[in-house]
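Welcome! Please take a moment with the sequence and the structure below, and then we will walk through a few places together.

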Amino acid sequence: MRTRRRLSYLKTMSCRKRQKTSPDKTSDCFDSLPDDLVLSILCKLSSTATSPSDFISVLITCKRLNSLGLHSLVLSKASHKTFSVKAKNWCDSLHRFLKHCADAGNIEACYTLGLIRFYCLQNRGSGAALMAKAAMNSHAPALYSLAVIQFNGSGGTKNDKDLRAGVALCARAAFLGHIDALRELGHCLQDGYGVKQNVTEGRRFLVQANVRELAAVLSAGNNKRPWLTWSHQPVPHPRLRSETGSGCPLLSDYGCNVPAPEVHPASQFMSEWFDIRGGFPSAGMRLCSQSGCGRPETRRHEFRRCSVCGVVNYCSRACQALDWKFRHKAECAPVERWLDDDDEDVAGENDGGDDGVMMVDS
């Protein structure tokens with residue numbers, strides 16, 4: 001009896017010891033991972049995020065991921081699509097998040113928050129400083145945006161324009177391969193705007209912009225729609241084309257048609273921001289008519305208008321050239337025509353002088 005009792009006691013004690021030493025089946029092995037490994041994974045995730053939800057869904061998973069996800073190393077690697085927030089969802093917490101990313105050294109956050117502050121929140125100094133911070137790190141869109149500000153004298157008076165500085169910034173952005181900067185620089189050289197006129201060199205930059213645009217479409221392997229259409233037939237008149245077409249016929253002279261370029265999240269935010277507010281930044285001021293731009297005027301008659309119809313206006317020659325070939329060429333009508341049709345007096349439409357007129361390349 002004693003032997004049986006002793007054996008039973010030993011078995012009971014052995015089972016208790018096994019229960020104490022065996023790992024809990026409900027515990028997560030994630031807790032045993034070192035922080036540097038988790039930070040490496042989070043950096044990869046933030047740099048490849050295709051929407052804010054990709055990153056936010058990780059932050060709300062657990063306290064550890066939330067803490068490590070807001071590490072400066074992770075925030076500095078976040079992609080520009082991580083900041084593609086909707087204007088209707090703008091709040092102080094989003095502002096703080098973008099500020100944290102900018103403080104961590106994320107140049108995309110500097111550029112995005114800089115545009116929002118400069119144009120939407122009308123904090124010109126802080127917005128320009130953030131864009132300059134991104135530009136000093138060779139961020140091509142920031143360089144081009146600063147060039148547009150210099151060309152227009154945005155945030156100041158007409159006398160604050162600095163065409164030579166705009167051309168210099170544009171040339172730097174073009175050197176980095178920015179397509180709009182290449183197109184802008186080409187038109188400046190053709191027109192002698194802020195630089196000595198050189199028609200041949202200007203056309204070379206315009207051709208290079210088209211080539212880079214086509215190369216960008218070719219490299220986009222995740223495009224579900226046909227990226228290029230080719231026709232041996234002559235290109236039809238713009239008014240005979242479908243108005244709902246999604247292509248951008250920059251190479252239509254050669255018989256091919258490429259999709260419209262992807263809009264940067266910052267430009268999309270500005271467009272939504274002013275759409276919510278009635279489509280105008282303030283009384284007497286207008287938005288750039290190029291749908292993918294979103295830049296507003298910071299003073300009356302800042303942007304140039306189409307000299308044919310006087311209806312559309314653009315912040316830059318690049319926006320004008322893109323919108324002309326994509327949309328406006330099929331819609332533009334001489335001023336006399338719609339004056340006769342509508343019997344409206346628009347003599348005051350050109351009160352801005354020569355600065356309010358923009359010649360359209362046909």
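## A bridge across the chain

Lys86 and Glu272 join their side chains in a salt bridge, with 3.7 Å from N to O. Here a salt bridge means a side-chain nitrogen of Lys or Arg within 4 Å of a carboxyl oxygen of Asp or Glu. Because Lys86 sits in the loop between α5 (72-76) and α6 (92-103) while Glu272 belongs to helix α13, the pair ties together parts that are 186 residues apart in sequence. Helices are DSSP runs (H or I, at least four residues), numbered from the N terminus.

How covered are the two partners? Lys86 is partly exposed, at 43% relative accessibility, whereas Glu272 is buried, at 17%. In these terms, buried means under 20% relative accessible area, exposed means over 50%, and partly exposed is in between (1.4 Å probe, protein chains only).

## About the model

This is a predicted model, in which local features need pLDDT of at least 70 and side-chain atom pairs count only at pLDDT 80 or more, while totals for chains, interfaces and linings use all residues. Residues are numbered from 1 along each chain as its sequence is written, and side-chain values use heavy atoms, with hydrogens and water left out.

## Helix α13

Helix α13 covers residues 265-276, and its 12 residues reach 16 Å from the first C-alpha to the last, close to the 16 Å expected at 1.5 Å a residue. That expected span is 1.5 Å times one less than the number of residues.

Most of α13 is covered, with nine of its 12 residues buried. Among them are Phe269, Met270, Trp273 and Phe274. The buried residues of α13 pack against α7 (107-120), where contact means heavy atoms within 4.5 Å. After the helix comes Gly278, which has a positive phi, near 95 degrees.

One of the pairs is Glu213 with Arg183, whose closest N and O atoms are 3.1 Å apart. This pair links distant parts of the chain, since Glu213 is in helix α12 (residues 199-219) and Arg183 in helix α11 (residues 179-191), 30 residues apart. Glu213 is buried, at 6% relative accessible area, and Arg183 is buried too, at 4%. A network of salt bridges links Asp180, Arg183 and Glu213.

Another pair, Glu201 and Arg204, meets at 2.5 Å from N to O. Both residues lie in helix α12, three residues apart, about one turn of the helix. Glu201 is partly exposed at 27% relative accessibility, and Arg204 is partly exposed at 43%.

## A buried aspartate

Now look for Asp323 in helix α14 (residues 317-326). Is Asp323 buried or exposed? Asp323 is buried, with a relative accessible area of 1%. The side chains of Asp323 and Tyr314 make a polar contact of 2.6 Å. A polar contact is a pair of N or O atoms within 3.5 Å; within protein, one must be able to donate a hydrogen and the other to accept it, and residues adjacent in sequence count only if both atoms are side-chain atoms. Setting aside neighbours within four places in sequence, Asp323 is in contact with Ser289, Gln290, Tyr314, His328 and Lys329.

Note on methods: Helix = DSSP H or I, 4+ residues; strand = E, 2+ residues; numbered from the N terminus.
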